[in-house]
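Biologist: I would like to learn how to read a few features of a model from its computed values. Please give me the general idea each time, and then the case at hand.

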Amino acid sequence: FSISTYNKMWTDAQKDLDIQLQREREEFLQPEKDRVKAFKMLATSYIKYMQIFRNLETAHDQLIHQQKRTVIRQVLDGVIGRILEMKKEMVELENSEFHYIDNILEDLKLLPEDIEVPIPRYFIKEKLEVLQQREKILDEILLNAGLQTQKPAKTMTFEEAIKMIQVAERARQGCRRAAFMKQIYLEEKRERQTKLQVQMGPNPDDAATCIQKVWHGYIQRKKTEKMREEEMIFLGMSLPPHLKATSISQTYAGQINTLQGEVLEREEEVFIKDKLRETEGLDIKETLQNQIGQCFIECRHIIGKFPDYPTEEAGGSTAILSQKTPEQIAAELAAKKEMALQKKAQKGKKEKEERKEKVKGKKTPITGKKEEEGWKMAPSNFLSIMEEGNSQYKAVWQNRDEGWDFLQDHDPELIKEEKREEVEAEIRVQVGELMQQKLENLKLAVDGEKSNKQEKGSKKVRAASFMSLVHRTIDSLYRQLVEEGLLMKAKTVNLSDYVGEYSYLGTTLRQVDVEPMPSLADVRQLIALYGILPLGSQTVHEKAPLVKALLLAGPTGVGKKMLVHAICTETGANLFNLSTSNIAGKYPGKNGLQMMLHMVLKVAKQLQPSVVWIGDTEKIFSKAVPKAEEEMSPKRLEKMLPKFLKALKAQDRVLLVGTTDRPFDANLKPFCKVYQKIILIPRPDYASRFGKYFTLLWKHIILQNGGTITNLLNISCLAKVSDGFTQGHIVHAVQAVLSELRLLQMTRKPLRTAEFVTSLARQDPVYKEEEETFK
């Protein structure tokens, strides 16, 4: 049943994708002058792609068939990349990172939850063993370095231990004595009742009444339970029996089947590859030798000498077979030259026309061509990936009869096609070595030449400090960074733990020219789009709009550090801490700083994905350093950060994340040059402090700290009173109230609203003026 459900989900997602690709070909190629209409068109496509993304991700995670998962994965990466491209276009159209599309959601009859960015589970699943091993090594290094201590066992004095044993033993003896006395009492009572029954005889009416009483009670309890269950199902608070989750045994069986399927497929792949090598290997080898030999002869006829055999870096035998004839190259060069001359002539003509217009006094407007043509979608790097995946689905999977495939493991014919290419590549290497030797023999026999190998050029000599790093292993550099405290263990926090509601008034406020404060749901979405999705997938990171640096700005206690840890948890990234306070006194001087950054860069790239976190990042770009912080040298990273970012390429899944609670103290020009994306994280609004079903923030934090919520605790009142306070303030208030003693008293003294209000009143809120400054 589950396989057919997820197959249907995949089919539906592919149908929706086909419709979207058709729209891409028709609508987005035409320029649109009305910016509002263009944004609505973009936002609608963004929502549609998000729904496709959600369905494809679920199907990819749940389907067992590995070949299906491979096809879905390709399309999934394409859809994620396209979503990021559309987000970039939406930002450029509205000049804002935050979008309010509740009116479009209403038209499509969707909920805000439908545009919540799903986090693909394969980010962690595919490298789970590596991450577990790395965490184990990290714990070991931290423990040996004394940076992390094991939970200490509670020690007590000898007298306390004896007293505890005595108390426990007396309690045990008391329990045994009480049980023994109760047994004696019951035996005596039973004997008395037996004597009375023997003397008077049993009463049938009393016996029948007793049996009826027990039976009626049992039947009524069963009826009540059934009525309660039916009511819960009717209200939608419980699932019907046939939709309830599978048992633990079934889940375990499913996991075993999945693993078994993967093992069987791997074994089958090896078997098919070996069989192909035996049956088709000789034919492939002979064909390749003939083709390469023919190329040598043709080249000598045209050029007059044998060609040089290309190196492996240049492509080897593949480069020979793909090389063009000299006539083709000459024709291409001539065509290019002609095109260049035409462009030059057109450019000259255009310049003459501009000069004429200037003389006449007719100047072109500043916006010029863009304003006349209107908005047009930028070229995409992911449409071809989605098109390819879609055509592959149509060709192989769409009309496939799977009635015979009960196990849903793999298709041998598809494996054979893939493995044929691998076998050909292996044989090509062997043929390459033979043909290279053959070419040298031909040159010697026909032309009388000897192949002169190029002398290797001398390497550039680096500085002594950097030479020491070149010869060191990644493991030793990793260990050193951990011991120095620059590489830290990320807390296990999911993005879904950052609770917050959607803003339902965004569109209404913008219509009256009021820019709304972003909601916590908007922040969560941006973290997923700019931080998690690109770091999790190599294909997406290489081809999507590149975001190297991200700044999280907001008052103290809004969860900036939590979001940094969430990025690491969701992607399995390493966390490097380059905060000013953390690097103070470490690697002094310019050379030391360069060496530190080089080490971080090398390890971050090698063990990607990685997050480089800089806390209180405004201190690096501060206008004036306070006297108290002069020893820390907070500005030492200012000139090095742009160089650090420049060293990061599209293929390097490394993200720089800065956090600040005072961004207005920084020198804005270099500050904004480093951080290309700035996310404002506001204090929680009323919807986030008191959301539907009383599950957000206050209730979440009280329950998390061991509290129990009763009718005496007015959550709505707490939400209203806490206006102006951040999540951090609320956490501190709850923790201050729920001490160990208070938790023990909770059964007889329930929690009251006044306790939390008193605790909250002792803290300073975020005032309106500070909020406006952030805005």
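Biologist: Is Asp522 buried or exposed, and what is its relative accessible area?

Modeller: First, the ground rules: this is a predicted model, in which local features need pLDDT of at least 70 and side-chain atom pairs count only at pLDDT 80 or more, while totals for chains, interfaces and linings use all residues. Residues are numbered from 1 along each chain as its sequence is written, and side-chain values use heavy atoms, with hydrogens and water left out. Burial is read from relative accessible area, with a 1.4 Å probe and protein chains only: under 20% is buried, over 50% is exposed, and partly exposed is in between. Asp522 has a relative accessible area of 5%, so it counts as buried.

Biologist: In which helix is the place of Asp522?

Modeller: Helices (H or I, at least four residues) and strands (E, at least two) are DSSP runs, numbered from the N terminus. Asp522 sits in helix α18, and 17 of the 17 residues of α18 are buried, so the helix is largely enclosed by the rest of the structure.

Biologist: Where is the kink in α18 centred?

Modeller: A bend is the angle between axes fitted to the seven residues ending at a residue and the seven starting there. In α18 the kink is about 35 degrees and is centred on Ala528.

Biologist: How do α8 and α22 read by the span test?

Modeller: Helix α8 (residues 204–235) has 32 residues and reaches 47 Å, close to the expected 46 Å. Gly236 follows α8 and has a positive phi, near 80 degrees. For α22, with 18 residues, the end C-alpha atoms are 26 Å apart, which agrees with the 26 Å it should span. Burial can be listed here too: the buried residues of α22 include Gly592, Leu593, Met596, Val600 and Ala604.

Biologist: Which residues line the largest cavity?

Modeller: Among them are Tyr46, Lys87, Glu97, His99, Tyr502 and Asp522. Helix α18 gives the largest share of the lining, three residues. Domain 1 (3–117) and domain 2 (474–680), with bounds from an automatic or database domain assignment, both give residues to this lining, so the cavity lies between them. Two of the lining residues, Asp522 and His99, are 423 residues apart in sequence and 8.2 Å apart in space, C-alpha to C-alpha.

Biologist: What classes does the lining of the largest cavity have?

Modeller: Ala, Val, Leu, Ile, Met, Phe, Trp, Tyr, Cys and Pro count as nonpolar, Asp, Glu, Lys and Arg as charged, and the others, Gly among them, as polar. This lining has six nonpolar, two polar and three charged residues.

Biologist: Which residues of the second largest pocket lie nearest its centre?

Modeller: Gly557, Gly559, Lys560, Lys561 and Met562 do, in a lining of 32 residues. The elements giving two or more residues to it are α20 (560–571), β4 (610–615), β5 (654–660), α26 (698–704) and α28 (727–737). This pocket holds about 820 Å³. Its lining has eleven nonpolar, 15 polar and six charged residues, and at least three residues come from each of domain 2 and domain 3 (686–774).

Biologist: What about backbone geometry in the loops?

Modeller: Gln608 and Pro609 are joined by a cis peptide bond, with omega about 5 degrees, and Pro609 is in the loop between α22 and β4. Asn95 has a positive phi near 55 degrees; it is in the loop between α3 (66–94) and α4 (102–107) and is exposed at 68% relative accessibility. Lys109 has a positive phi near 60 degrees, lies in the loop between α4 and α5 (122–125), and is exposed at 73%.

Definitions and conventions. On a 1 Å grid over the protein atoms alone, a cavity is a set of points where a 1.4 Å probe fits but cannot get out, and a pocket is an open set with protein on both sides within 12 Å along at least five of seven lines; lining residues have an atom within 4 Å of a point. Grid points are joined across faces, edges and corners, and a volume is the space filled by probe spheres set on the points. The expected span of a helix is 1.5 Å times one less than its number of residues.
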